[in-house]
Amino acid sequence: MSQDTAAGKGNLFNIISGIIILAGLVVTFLRFTQGLGGVTNLDNNNPWGVWIGFDLLCGVALAAGGYTTSAACYIFGLKRFHSAVRPAILTAFLGYAFVVFALHYDVGRPWRLPYPIFVSPGTTSLLFEVGLCVFLYVSVLFIEFTPAAFEWLGFKKIRKVVVKLTLALTIMGVILSTMHQSSLGALFTIAPSKLHPLWYSTYLPVYFFISSIFAGMSMVIFEGTLSHHYMHGLMDKTHLDEADGVVLGFARGASMVMMGYVFIKIIGLVSDGTWQYLSSGYGLLFLTELLCFVALPAMLYGIGSREKNLKLIRWTSLLTVLGIVFNRFNISMVAFNYQLPSSQRYFPSLMEIVISIFVVTLIVTVFRFITTRMPIFYEHPEYAEHEEEPAAHGHGH
Amino acid sequence: MQRRKFLGLLGAAGLMTTAVAGQAQAAGSKHFEGYPDSFGVLHDTTRCIGCRKCEAACNTVNKLPKPDKPFDDLKVLETERRTTDTAYTVVNKYETSKGLKFRKIQCNHCLEPACASACFVKAFTKNPTGSVTYDESVCVGCRYCMVACSFNIPAYTYNDPITPKIMKCTMCQPLIAEGKLPGCVEACPKEALTFGKRVDLIKVARERIRQYPDRYVDQIYGEREMGGTAWIYLNGVPSPEVGMRDDLGVASAPELTGGALATVPMIVGLWPVLLTGIYAVSKRKDKIAKEEKRQAVTAALTKAAADAEVKLSAALTKAEVENKKQIEVAVKKAVEESAKQPKTEGEA
Ligand code: SF4
Ligand code: SF4
Ligand code: SF4
């Protein structure tokens, strides 16, 4: 019986994702035959839309779970997060890979995407920094992900080499992430006249970096919730035993970082002298973003981790993730070009949204494909945990 | 592990980015006054009559497609327009406190162009003539230049699926290079446009304000806006009345982004040190914990062995035991039990 419902669920998933992928392919065809003008609502005043606001900005922020988790485990020595590292790295890798994929739709000549690095580097551009770091970080994530693939394929020697690089790769990942997460925010510092003063700040890079930390942690919790729901059978005992600890630990961590974020946002408001805008309509939007989508979840995370209320934490992670999306949308679309008359403002077209959903569907599909084949949620039986320090575990039977 | 190699690599990366950011800084920290003899255009909006002759000339000179409505159709002025991929310049009409005014829009050829600073493939060049030109051959089509330009000038060929590009005024760079006037300046019947060296134009503008203080507001728009522009403007009314923002500030694009770029070498320099430090601490904590645990276990074992020995000898003296095996089991149990206790304590 339960077998039947599971199969039913799987079928439903396949049908829906099939439809989305089909629609995505149609729009893809249109995009590359009609140009951006044929499928998007972008225009000369609104050069960036939802493909940048969601696919790039949210994609990168929400894929931050990769560096936060591996840093927690390998640099801060919180070994109990070990079983969360692989799923987080895989999500991050897929997240970034698909950010790059989605950019192929947005930029005019995608085959020139390597130009900034290899042909004509524009080093004064923050976008150059973003591009370079994302390029390097995708490579780092790819290498970090390979041990799982090598275990699946049975390539023991090369796996061992890569595992030895773990610390170096983790540090590299943190550096590259710090740089491009913050640079994404800094992109907007060039246009003080276009971004509403409540969001414009010279601290934008700091805001983006700090928010990426709790975005990543919340995504790990949120995605863990989904995985536990749909892929419980794939998880080994260690993963299941550690899972609650990971959720509690990350909830406490995220709660603290979010409090800090609210604090620096307030400092920024005061030091930029923009608090007087709070009484406007945009002020309401700003306060909603800060109070309902950051301060509130920070509190809920705090309560959840103190009372060990996993359910509360899981719902909070969804709220936080939505808050990040809300913030990135505000900066890239809602509060951007605020001075233009409403007739000249941007709203995404249906086809733009289809592509964004299409990309998310592809990520989920590939994630499922990989996790059902490679050792992501469990440890490969032939590769004992922490084999580089075998003395640590005298497994008595 | 090849720690040294890794640190060496990072060091190299740090140096590289420092050098790169250094260049950016060079462009960012000191105020660039523009090329000394660069040209510009003075647009005196009090003289403009909205005849659109400049638009027509621009269209011809740059071989742009013919518009739907001819250039002598002045009804076009009823709606406010901006530059597009088929019009490098447009003239708009404004109802102002001093009656109807007209103003021409085109690229302002900034002294420190935001578009050039933003472009990640260096597609824009600030030429010694003063013009800012664009090279299609490297453009990726990311449109960050459009986001960056405070004057909303660059336009994009959105309907071109294969080779979309940025379109904007070149200040007629090819004509200037031949010593000729830009198309619009040449065509203007009212001398609302004056071409010349920017330094001279500033003087001309000052002089006009001095001579006719009632005609002009006392401001040369573009003298300092966004770090200064090659095109400068004289207005009869405050600039917002003719659609020019007065809140752009005087900071140029490189000044706005310089701070963020300057933190790059800091991150590259500091993070590895910090992170390796944290790693070392956590590793050491692990090691100490492990060491303490080991010591506790050893101590417990020694104690257990001693206890067992006492017990053993007691047992031996107490009675003659035939079954030696029984004692061995008892000893083992005792050892195990006493070993367990401190271990769990150590973990708690
Ligand atoms: S006006 Fe805009 S397009 Fe022209 S040079 Fe300045 S920033 Fe570039
Ligand atoms: S659209 Fe082209 S010119 Fe503009 S910033 Fe991007 S690459 Fe540079
Ligand atoms: S040609 Fe001269 S007067 Fe006519 S619209 Fe252009 S700038 Fe104004």
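The model is predicted: local features need pLDDT of at least 70, side-chain atom pairs count only at pLDDT 80 or more, and totals for chains, interfaces and linings use all residues. Residues are numbered from 1 along each chain, chains are lettered from A and ligands numbered from 1 in the order written, and side-chain values use heavy atoms, without hydrogens and water.

**Exercise 1.** Follow B:Arg143 to chain A and count the salt bridges between the chains.

*Solution.* B:Arg143 pairs with A:Asp106 in a salt bridge, with the closest N and O atoms 3.0 Å apart. The term needs a side-chain nitrogen of Lys or Arg within 4 Å of a carboxyl oxygen of Asp or Glu. Between chain A and chain B the count is 2 salt bridges.

**Exercise 2.** Work out how much area the two chains bury, and which residues of chain A lead.

*Solution.* First, take buried area as the accessible area (1.4 Å probe) that two parts lose on being put together, summed over both. Chain A and chain B bury about 5600 Å² between them, 63% of it on carbon and sulfur atoms. Next, look at A:Asn44, A:Arg109 and A:Ile190: they supply 14% of the area that chain A buries against chain B, more than any other three residues. Finally, with contact meaning heavy atoms within 4.5 Å, each side is counted: 65 residues from chain A and 65 residues from chain B.
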